[in-house]
Structures are given as C-alpha cells and as structure tokens.
Amino acid sequence: MKPQITYEDFDKVDIRVGKVVKVEDFPEAHKPLYKLTVDFGKEIGIRHSAVGATHLYKKEELQDKLILGLVNMPPKQIGPFTSEFLTLGVSDQEGRCVLVVPDKEVRLGAKLY
C-alpha cells in the first residue's frame, strides 16, 4: 500500500476538464499514441498531450470529447513532441487506456476536487 497523503498534498494536484479540439496520429512514437490538442478554457488555455488510447478510441471519437488532464506538471519530451499535460486514464483488463471523463457537461477548465 502506498503512503497516505495529506489534503495539502492533494491540493497541489491540478486536474482540469478540457475539450479535445484536435487529434493527430503520432507515427514517430515507439508505441501507438495520439497527439491531442486540448482546450482547458480561459485560465489554462490550449495544451498538447500524447496519449496511448489508440486501441480503444478512433480519432473521430476523441474529437470534441471532454477529458481530464493533470495540468501542473513539467512538460515531457516524447520524441519530437512535447507533452504539456498528462491525459488521465485507467487500464482495462488488457492494459489498454480507458480515458477518465466527466459524465455530465461541465465548463472547460473546471477543477477536480
């Protein structure tokens, strides 16, 4: 079991709702990934991320989808692409990425609490 964290630790995590505005293939990646362009609203703006969701989602399914992203971690270089936030997902029984998404319409940039 992992150590417990305090509320102050959790408060440092900034998870926001964003809308996928562009989905691209990422052929340069070592494993199948999409490049996402996501709008997190006025406060955060547009950010980019790479996500390994190609096995369960077609590009058309991701277009305009609301997702959750961890927006306050440093950028990560993935080959020629800079991922500016972490797209949140969980593994299914086969280890494939299932995206974590809100089940109702919410405003862009809404913070997870």
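Author: A salt bridge is a side-chain nitrogen of Lys or Arg within 4 Å of a carboxyl oxygen of Asp or Glu. The structure holds five salt bridges. This is a predicted model, in which local features need pLDDT of at least 70, side-chain atom pairs count only at pLDDT 80 or more, and totals for chains, interfaces and linings use all residues. Residues are numbered from 1 along each chain as its sequence is written, and side-chain values use heavy atoms, with hydrogens and water left out.

Reader: Why is the contact of arginine 16 with glutamate 43 called a salt bridge?

Author: The closest N and O atoms of arginine 16 and glutamate 43 are 3.3 Å apart, and the limit is 4 Å, so the pair qualifies. Arginine 16 lies in strand β1 and glutamate 43 in helix α2 (residues 41-44), so the pair ties together parts that are 27 residues apart in sequence. Helices (H or I, at least four residues) and strands (E, at least two) are DSSP runs, numbered from the N terminus.

Reader: What makes arginine 16 buried and glutamate 43 exposed?

Author: Buried means under 20% relative accessible area, exposed over 50%, and partly exposed in between (1.4 Å probe, protein chains only). Arginine 16 has 8% and is therefore buried; glutamate 43 has 65% and is therefore exposed.

Reader: Why is aspartate 25 called partly exposed?

Author: Its relative accessible area is 43%, which falls between the two cut-offs. Aspartate 25 forms a salt bridge with lysine 59, the closest N and O atoms being 3.1 Å apart.
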